[in-house]
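Student: I have a new structure open. Can you show me how to read it, feature by feature?
Tutor: Gladly. Let us look at it together.

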Amino acid sequence: MANGLSKRIFTFLMLISLVAVALNLLATVEAQNKKKPRRDVPIVKGLSWSFYQKACPKVEKIIRKELKKVFKNDIGLAAAILRIHFHDCFVQGCEGSVLLDGSASGPGEQSSIPNLTLRQAAFVVINNLRALVHKQCGQVVSCSDTLALAARDSVVLSGGPDYDVPLGRRDSLAFASQNTTLNNLPPPFAKASQLITDFANRNLNITDLVALSGGHTIGIAHCPSFTGRLYPNQDPTMNKFFANSLKRTCPTANSSNTQVNDIRSPDVFDNKYYVDLMNRQGLFTSDQDLFVDKRTRGIVESFAIDKKLFFDHFAVAMIKMGQMSVLTGSQGEIRSNCSARNTGSFMSVLEEGILEEALSMI
Ligand code: HEM
């Protein structure tokens with residue numbers, strides 16, 4: 001009798017522990033599928049995965065919620081924001097210099113040729129996000145962090161991968177000159193060789209280059225960015241039907257019309273950009289040559305057949321790019337308005353200069 005009871009208790013306990021193990025397994029799988037963490041990517045000193053946990057714990061929620069509304073009206077702004085983040089990082093680092101208006105010291109980065117096609121409406125969105133965040137938390141979140149988070153959300157809300165963004169960037173006090181801006185942004189006529197070197201100089205490897213170029217799975221381009229491939233001679237690496245269609249969109253080299261970057265799914269962040277390249281329907285030389293060059297071709301093919309592989313590499317490359325030459329700690333400032341340096345910051349730069357001079361005289 002006692003033996004029978006203990007058997008039943010034993011079976012009952014076994015069942016409970018089996019259920020517990022199963023539930024635990026389910027929870028782990030769900031957590032893995034649900035989100036992102038790409039915390040295996042090294043982060044630079046001064047940035048952290050939980051930077052605003054105390055000062056502004058809701059910052060990511062505020063930005064995501066607002067962008068959902070913004071993109072409902074115009075999904076094109078997701079592409080515009082993603083591109084602004086790239087143009088910020090490649091010129092002087094991810095420190096919000098591209099957001100600054102020109103000043104007495106000269107025209108801002110936005111006046112440099114490659115930046116003329118950045119969308120003004122997207123700059124307004126970044127400033128609005130900054131205002132919303134500052135309203136809730138005070139002036140504690142930088143414009144460069146706001147832009148990095150907005151770029152991540154642009155990817156996610158267009159259908160792309162979610163990933164964590166290391167935070168703690170500070171905003172620069174100055175923007176780059178027109179020439180520095182021009183020299184740091186790769187042109188659309190660049191071949192893979194040049195891009196590989198350019199990216200390597202920034203510690204971005206060949207896979208990062210191919211993955212980041214996948215940003216062209218969304219957004220648009222103006223005719224002059226690619227008509228060099230149509231007139232006077234047609235680029236032989238371009239699909240003929242595609243070339244004819246582009247000629248109809250851009251009847252002259254300087255036509256002001258636009259063309260979607262990814263003809264298969266222009267507003268969706270997916271891996272169709274690589275399918276375009278394999279069909280010789282890449283828009284820029286910098287895109288198509290990734291399928292011509294032996295060093296990048298295999299990566300293009302692997303991304304074209306495996307969306308998850310692309311997403312994984314894109315997330316890693318974005319986290320790497322987003323940390324280029326960042327300002328941290330007491331460097332730079334937290335701008336109260338993303339388009340202008342804080343008033344008084346000129347004095348602090350001047351004071352730093354005077355201090356350095358004084359120290360050098362000792
Ligand atoms: C590899 C070198 C790159 C070159 C040469 C390049 C060049 C260009 C050019 C010429 C345009 C079109 C500008 C216009 O005519 O309106 C463009 C658009 C765009 N680029 Fe890139 N790009 C590069 C890398 C990237 C990266 C790394 C990203 C982001 C991860 C990116 C995201 C975008 C997006 C989203 C657009 C569309 C913007 C919009 O619709 O407003 N690009 N790019």
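Student: Which residues have the most contacts inside the largest nonpolar core?
Tutor: The general idea: in soluble globular proteins, nonpolar side chains tend to be buried together. A nonpolar core is a set of buried Ala, Val, Leu, Ile, Met, Phe, Trp, Tyr and Cys residues joined through C-beta atoms within 7 Å. Buried means that 20 or more other C-beta atoms lie within 10 Å of the residue's own; exposed means 12 or fewer, and partly exposed is in between, with C-beta atoms placed from the backbone. Here the largest core has 70 residues, and I81, I126, A150 and V300 have the most contacts inside it. Helix α3 gives the most to this core, nine residues. Another core, of five residues, lies apart from it and includes F226 and L246.

Student: What should I know about the model and its numbering?
Tutor: It is a predicted model: local features need pLDDT of at least 70, side-chain atom pairs count only at pLDDT 80 or more, and totals for chains, interfaces and linings use all residues. Residues are numbered from 1 along each chain as its sequence is written.

Student: At what angle do α3 and α4 pack?
Tutor: Axes are lines fitted to C-alpha atoms, for helices over the stretch in contact, and angles run from 0 to 180 degrees between N-to-C directions. Here α3 and α4 (residues 120-137) pack at about 80 degrees, with axes 9 Å apart. An angle of 65 to 115 degrees counts as roughly perpendicular, under 35 as roughly parallel, over 145 as roughly antiparallel and the rest as oblique. α3 and α4 are therefore roughly perpendicular to each other.

Student: Which residues of α3 and α4 meet?
Tutor: Contact means C-beta atoms, placed from the backbone, within 7 Å. L77, A80, I81 and I84 in α3 meet A121, A122 and V125 in α4. The residues of this contact divide into seven nonpolar, no polar and no charged. Ala, Val, Leu, Ile, Met, Phe, Trp, Tyr, Cys and Pro count as nonpolar, Asp, Glu, Lys and Arg as charged, and the others, Gly among them, as polar.

Student: Is S111 buried or partly exposed?
Tutor: S111 is partly exposed, with 14 other C-beta atoms within 10 Å. S111 lies in the loop between α3 and α4. Leaving out residues up to four places away in sequence, S111 touches G102 and Q178.

Terms used:
Helix = DSSP H or I, 4+ residues; strand = E, 2+ residues; numbered from the N terminus. Contact = placed C-beta atoms within 7 Å.
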